[in-house]
Amino acid sequence: MEHSKVTPREAQRRRLPLEKHRLEDWIGKIYTSVCVVFLIAVIVSIVYFVTSKGVATFAVNGVSLTEFFFGTHWAPDAAEPSFGALPAITGSFLVTLLAALIASPLSIAAALFMTEIVPTFGKRILQPAIELLSGIPSVVYGFIGLTLIVPFLRDHVGGQGIGVGAGALVLSIMILPTITSVAADALASLPRGLREASYALGATRWQTIYRVVLPTVLPALLTGIVLGMARAFGEALAVQMVIGNAPYIPTSLLESASTLTSVITLGMGNTAMGSIQNNALWSMALVLMLMTFVFILIIRLLERRNRI
């Protein structure tokens, strides 16, 4: 039996596609490596810059950590300046927690309605409509809160309308799409056999929902809530428009307050770079960044629990 001989030209023609694929693979590896290195360099640079500026308040300007974190008087431009950031820190946590308490039940109920009650109508109409809310600029939410929520609270509840309650309501509307989307995706990813097994044992739809479905997706639901809280904690413009921006610890939901983001946005343009007032604002930004890392850590822990 004669073996067909391969001419040098044919062998070279066969090697060309293989060499082309190797070249494309090499270019792809270099491109992705450069992108990853660039992203890491940007993240490290941002963390270093914010940290160095934030620490300068204590290391260079001599402001004590006790005064900054536990002081209740914020007056950086006074004759005897004071840098107590506790009112802003308290305001940030307060409006974030209240917004999460308001938005979480509504979001989970909406996700259950879209996936368990009317899945066809929910997927086609309701879910796209709710996700559309996440694309609305924050200034629009703030303006709506200023023209609708603030007058309603002033006329029917009391006070001036602006305050912690108005800020929490605006933030709850803003984080509603985030929590709802995560919850709906988690519910939709459940195996159908899980529900069918519950029905086979004689459980009703509502028994299946609150005894089988919700306990199973609880880590994913908590992940969505934490994501919503992370967005609420870093929101600036919408809260600034309705919270009142008073540097005091509120004793009522109808009182004005301030948040870390509102203090930074109001004061950053009025300070000189390198001054103690400017460094104090960077210290607030450092607190915000550290809280973002905490939220990310909580999300990773919840995702790991969900995988287990």
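Visitor: What pattern does the protein follow, read along the sequence?
Guide: The pattern is α-α-β-β-α-α-α-α-α-α-α-α-α-α. That comes to 12 helices and 2 strands. Helices (H or I, at least four residues) and strands (E, at least two) are DSSP runs, numbered from the N terminus. The model is predicted: local features need pLDDT of at least 70, side-chain atom pairs count only at pLDDT 80 or more, and totals for chains, interfaces and linings use all residues. Residues are numbered from 1 along each chain as its sequence is written, and side-chain values use heavy atoms, with hydrogens and water left out.

Visitor: How do you know how the protein stands against a compact globule?
Guide: Take the radius of gyration over C-alpha atoms; the globule rule is 2.2 Å times the number of residues to the power 0.38. For 308 residues the rule gives a value near 19 Å, but the protein has 27 Å. Along its principal axes, the C-alpha trace spans about 105 × 60 × 35 Å.

Visitor: Where is Ser258, and what is in contact with it?
Guide: Ser258 sits in the loop between helix H10 (237-242) and helix H11 (260-267). Contact means heavy atoms within 4.5 Å. Leaving aside neighbours within four places in sequence, the contacts of Ser258 include Pro87, Ala88, Ile243 and Val263.

Visitor: How do you know that the span of helix H9 agrees with its number of residues?
Guide: The expected span is 1.5 Å times one less than the number of residues. H9 (residues 218-234) has 17 residues, so H9 should span 24 Å; its end C-alpha atoms are 25 Å apart, which agrees. Among the buried residues of H9 are Leu221, Ile225, Met229 and Phe233.

Visitor: Which residues does Leu98 touch?
Guide: Leu98 belongs to helix H3 (residues 86-117). Not counting residues up to four places away in sequence, Leu98 touches Val164, Ala168 and Leu253. Across the protein, 68% of contacts between residues at least 6 apart in sequence join residues at least 24 apart.

Visitor: What makes a charge positive or negative here?
Guide: Lys and Arg count as positive, Asp and Glu as negative; His and the chain ends are not counted. Each charge is placed at NZ of Lys, CZ of Arg, CG of Asp or CD of Glu. The mean positions of the 21 positive and 16 negative charges are 13 Å apart.

How values were computed
Buried < 20%, exposed > 50% of the residue type's maximum accessible area, 1.4 Å probe, protein only.
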